[in-house]
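Please look over the fold shown here and work through the questions that follow.

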Amino acid sequence: MNDKLFSLEVDNEYIHGIIHKPEIPFTKAIVFLHGWGGHRTGPHDMFVKFSRKLTDLGYLCLRFDFRGKGFSGSMGYNATNRSMLEDIEVILRYVKNSCGIDDISIVGICSGAKLGLYYSLNGDITVNNFVCLSSAPLRPVDNPQSVAVRKTVVGFREYISKLFYRETWAKIFKNEVDYKTIIYSFLNPFKAKKTKVKSARTDRNNVIKGKNISGKVLIINGGKDTETPETVKQVEALMRKYDIDFSTYIIAGANHSFYSILLEQEIMNIMGKWFS
């Protein structure tokens, strides 16, 4: 497997990412889309592990930071739903024109899954298969503040349970824990949720024009994610509306980010069989 950095200029800003190239002949590509508060590695480097495994199966894999995020961040630039959709278009066109690959699939998580799904139904570049990991709700929930409180309580319990994981203590001793993000998520649940709902309301103005997914959709959510019931209901309804073949997996005991090595392995096994 060969790894290579790449940069693409978009409106005087840059998208930075990494390409994982198989050592065997390949004709298919997979693009990874991170969430609103994440970056190209995915939660706990999940996308790095997935891309390496899928590269071994013969897929060209691309991971990148949306403009305003991670290595693609710059002074004064704030990502929006529109800019992230534009970035998806740029990346897919790069894969198609510069890499010479027409068979392109997407793996997205949280907001990356939601926006990637919107693009797959509206965009100019055809997407073959789509993996939807813990998608953000496609439409706002009835009572976003109550959901925020429930998520905060569940999140607190999960962080306590993580103290019993060996990898958690390894990160603590290596000073790799993002305490600022953890504290912010507990002290500002309403502020964070209002921002997300505002984005969701904006997305409702994006009229879905038609189906542009040539293959199938894989929906994977965690059983402990408070948004799972509503999100899965919305995504499955959209698939039925456009007669798109889909499979749904609810992983018992998993949270929104699938935090554990065993959960990562379970998801990778599901995706590996599904892509095969």
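Strand 7 (residues 216-222) and strand 8 (residues 245-251) pair in the parallel sense over seven bridges, where strands and helices are DSSP runs numbered from the N terminus (helices H or I of at least four residues, strands E of at least two), and two strands pair if DSSP finds at least two bridges between them. This is a predicted model, in which local features need pLDDT of at least 70 and side-chain atom pairs count only at pLDDT 80 or more, while totals for chains, interfaces and linings use all residues. Residues are numbered from 1 along each chain as its sequence is written, and side-chain values use heavy atoms, with hydrogens and water left out.

Q: Which residue in strand 8 stands opposite Lys 216?
A: Strand 7 and strand 8 run parallel as a pair. Within this pairing, the residue of strand 8 that stands opposite Lys 216 is Asp 245.

Q: Which are the edge strands of the open sheet of eight strands?
A: The sheet has mixed pairing and the order 1-2-4-3-5-6-7-8. Each edge strand pairs on one side only, and these are strand 1 (2-10) and strand 8.
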